[in-house]
Amino acid sequence: MRHSRSILRSRTLRNAAIGALFSIAISNPAAAATYNLSVDRDSWLKEGNPSENHGSDTELSAKSVGGEDMRAIYRFDLSAVPANAVISSAVVSLWVSGKDDSGNALDLHRVTANWTEPGVRWNNTASDFDSVVAASFTAPNDDEFVNIDITALMQSWVCGDFDNDGFMVHSNSSTEAKFTSKEWSTSSERPKLTVITSSGSGGCSGGANHFSISHDGNGVNCQAEPVSITAHNAADDVVSGYTGVASLSTSTSHGDWSLITGAGTLINSGNGAGTYAFHSSDAGTAVLGLRNTFAETTNINVTDGSAVEAASEDADLVYASTGFNFLADASKNAIATQIAGKGSNVAVGIQTLELEAVRTNDDTGACEAALTGVITVDLAFECENPATCSTRQVAINGSNIAGNSNAAVVSYTSANLDFGDDTDTTATFTFSYPDTGQLQLHARRSLTPSGETLLGASNSFVVRPFALHVSAAGNPAASSPAGPVFTSAGTNFSATVSAVLWDAADDADGNGIADNHDDTLPNNNVDLSNNAVAPNFGQESSVESVSLTAALNQPSGGSDPGLAGLTTISAFVTGSGSSSAVRYDEVGIIEMAATIADGDYLGIGAPATSTILGRSGYTGRFNPARYAVTASNIVPACAATFSYSRQPFNGTFTIEAQNGAAGGHQKTVNYRGGFVTLDPQSELDLINDQTGASYDAQLMAFVQDFDTGLTGEASFSLQLRWDMAQQAPADSTARITGVSDEVSVLAGAPVSIGSTTIRYGRIAISGAFGSELVNLALPMRAEYYVDANTGFVNNVDDVCSTAVTLSFSNFTDNLASGETCVLDSGSPGNSGAGCAAIAPVTMRYSEPPIGGDFNLYLQAPGAGNNGSTLTTADVPAWLEYDWNSSTAGNEDPAGTAVFGIFRGQDRRIYTRELY
């Protein structure tokens, strides 16, 4: 139940003409003003996808077609407009970004329940609107505002007649109309509300639309019967700031009025007439006493000149000379809210309950004891809301009594009560009820020999649930990141809520709240799973719903989006209700909480309702629904052009942990620290698309770099190689085929992370000969294999082969170690065997090669130093080759350099050396 609020001041004046005191409610005076107000939340609802949220959309749709309805919903911030202001004009302007050219009207309805922009969906809000059309309009052509007059609705909002929950746009056409939202990029085309107020005050009449009159239905002539009079607005909410003057009368013109509770001024005029001027501190309700010495049925009338009593809240009051009264702590009609399953004599909320039996003394008119001693009394209880009783029964002094449907009290149960002697008019009793709802107690006793019947009823009171037991199907209740998985983020799960009864073991501190369910620690909640369930809960005339929320427990400091999906449960069977479409869109461990959705269980008020709660304890662990590769790159080993077979090449890729939310997978930023389960080294399978084989055997390195911040992603550096057989160059693509982590889904698998051309290569050194007096060129080249016909060719693209060192061995004839060296940049130079002197550029050793050639020259050993040496290059493994077929494996390249006159073969006819 919501309570309207008005900011009013009260002045009490004396009207000399009538000699009566009355109260005039006036508002804080206000000057004429214009307010340009902005939307603070908006969205649209889609029947075709009822669980979708569109709170961040830039355009809001309205359409009417079976099963595919669309409705726009807006709420403006009205805080700048003074309460009780006189609204001269209120115009909503909506920019039409897509017209409905049907010519049919669109209707604007007041929204009747609170909603949030990230939480609003068709399945939790589409029916929350007043059926009365607040305004109608037709969408104009594209790209212009449509102006809608909502003056009357605005007036009711500032008066507090209704809570400002915004309005909803319904279409009467199957053609879709679109309106911009507050997220629209052009600020001048966003929704706006222009409100103009008049000077002065009095825009609100005090908020009273009608009055309710409540009592127990029976009065005794010797007593004043308590009568509660409450001011209500059009939504039937209490007008807590009401300060009007109510005129009182009875249908029989009998009775005298007295003030029981209230800070206002009562004037009793006799004959059932009087006035009561409400005070602002009355919070809209006053309890007056009406004594009537006539044995009759009367009806009470209330009016402030505008509002009158509501017929549905104005029962007849029957007076008799004898009767029963139900007392609580010696006060009539004061039974307070009870807790289901708890005795009235047990903390919290202990009350001394009594049944008073009185009669009117014929001579004095005073009350006296009507019964003494132990007397059999007929007792009953009436189920007012829900109107039909469950099988559960009220217990009076431990004995069950008969239950009756609303306004149909016919079944009673006899019980013995001790009324003491004639100085005591009461019999004490205890009450308990293993169910929930609004009840009224009844008592009946026939007197002999007079034939009189004592009748009496208690005030209507509420028996509330003790707590709400909330659980999630299949929840393993993981208490740490090492705990088992419950479900993935963004995936629907089923939550169940049961309204449960009180148990002494669950309320050790006697405060009426399930122990430790009102703190934020998931590990200490008292167990409610074995508590009996109240079958009446959820069967109320206006069904009480339960809201589910959640708080992130782990990781500490993580992002907490709250529960999503269908988080309001409105359908209960035997006290329990479920939602199978609850979800949590992040990684982690949460605790769910259940509370009464409207914050006011059967009108007991927010403070009492706030004690009806329950928590789930640990719920989780939630893990990602999938991984997705969001960025990747392969860097060829040589000049971003190619990689040699057997040569490591590098790559990078980024994996994002994502949820499974409908309408798109969002990053789960809480996937970090202990919640990371992915071991890429062992749980990601990389294949070479040329062979289809795993790269695992050639995975040289894999460096994981999960960020510690709220990123939800990890960047990886890897090093691969392909030990390709001697064959033509091939483009090799590295692909991630999937994951074997607890999260086994990789979006788009197999996912390419990049490719490189692979060349089967080698470094070759050819033999050479020449004069010992001349520097000798020894061919040394980087080569790669082309095909069987072409063989190896110079690898002119090789600009990366370095760290190749040369050495000399196997000296023959007159050539000895140290008599030749590599013409280089000095000793030892890049070659590792360089001469002391820097060689001319044209003969200087080049590493990496130029055009595939290392430009290898050996220094002339000089006269008399003829002979040969074996020149060997220590090359990277991927540039070795099987130069010696008689030995298994690959070897470094080597070539023989011969210095001196080479006589050639004996069979040659002519040989000439050139100098």
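Arginine 721 has 22% relative accessibility, so it counts as partly exposed; the cut-offs are under 20% relative accessible area for buried, over 50% for exposed, and partly exposed in between, with a 1.4 Å probe and protein chains only. Its side chain meets that of aspartate 723 in a salt bridge, at 2.8 Å from N to O. Salt bridge here means a side-chain nitrogen of Lys or Arg within 4 Å of a carboxyl oxygen of Asp or Glu. Aspartate 723 is partly exposed as well, at 37%.

Before I go on, the caveats. This is a predicted model, in which local features need pLDDT of at least 70 and side-chain atom pairs count only at pLDDT 80 or more, while totals for chains, interfaces and linings use all residues. Residues are numbered from 1 along each chain as its sequence is written, and side-chain values use heavy atoms, with hydrogens and water left out.

Back to the charges. How many salt bridges does the structure hold? There are 16. One of them links glutamate 183 and lysine 182, with the closest N and O atoms 2.9 Å apart. Glutamate 183 is partly exposed at 26% relative accessibility, and lysine 182 is partly exposed at 26%. These two also belong to a network: salt bridges with shared partners join Glu117, Lys182 and Glu183.

Are arginine 71 and aspartate 69 buried or exposed? Arginine 71 is buried, at 13% relative accessibility, and aspartate 69 is buried too, at 15%. Their side chains form a salt bridge at 3.6 Å, N to O.

Next, the nonpolar cores. By that I mean sets of buried Ala, Val, Leu, Ile, Met, Phe, Trp, Tyr and Cys residues joined through side-chain atoms within 4.5 Å. The largest has 37 residues, and those with the most contacts inside it are Tyr74, Ile150, Met154, Phe179 and Leu193. Strand E6, residues 86-98, gives the most to this core, with five residues. Strands, labelled E, are DSSP runs of at least two residues, numbered from the N terminus. A second core is separate and has 36 residues, including Phe649, Tyr671, Phe792 and Tyr881.

Now strand E30, residues 374-385. Nine of its 12 residues are buried, so the strand is largely enclosed by the rest of the structure. Which strands does E30 pair with? Pairing requires that DSSP finds at least two bridges between two strands. E30 runs antiparallel to E34, residues 413-418, with six bridges; there, threonine 376 has asparagine 416 as its bridge partner. With E33, residues 402-405, the pairing is parallel, over four bridges; cysteine 383 has serine 405 as its bridge partner.

Last, an open sheet. Three strands make it up, in the order E32-E31-E36, with antiparallel pairing. E32 (399-400) and E36 (431-432) stand at the edges with a single partner strand each, so one side of each has no neighbour in the sheet. E31, residues 395-396, is joined to E32 by two bridges, and isoleucine 396 stands opposite serine 399 in E32.
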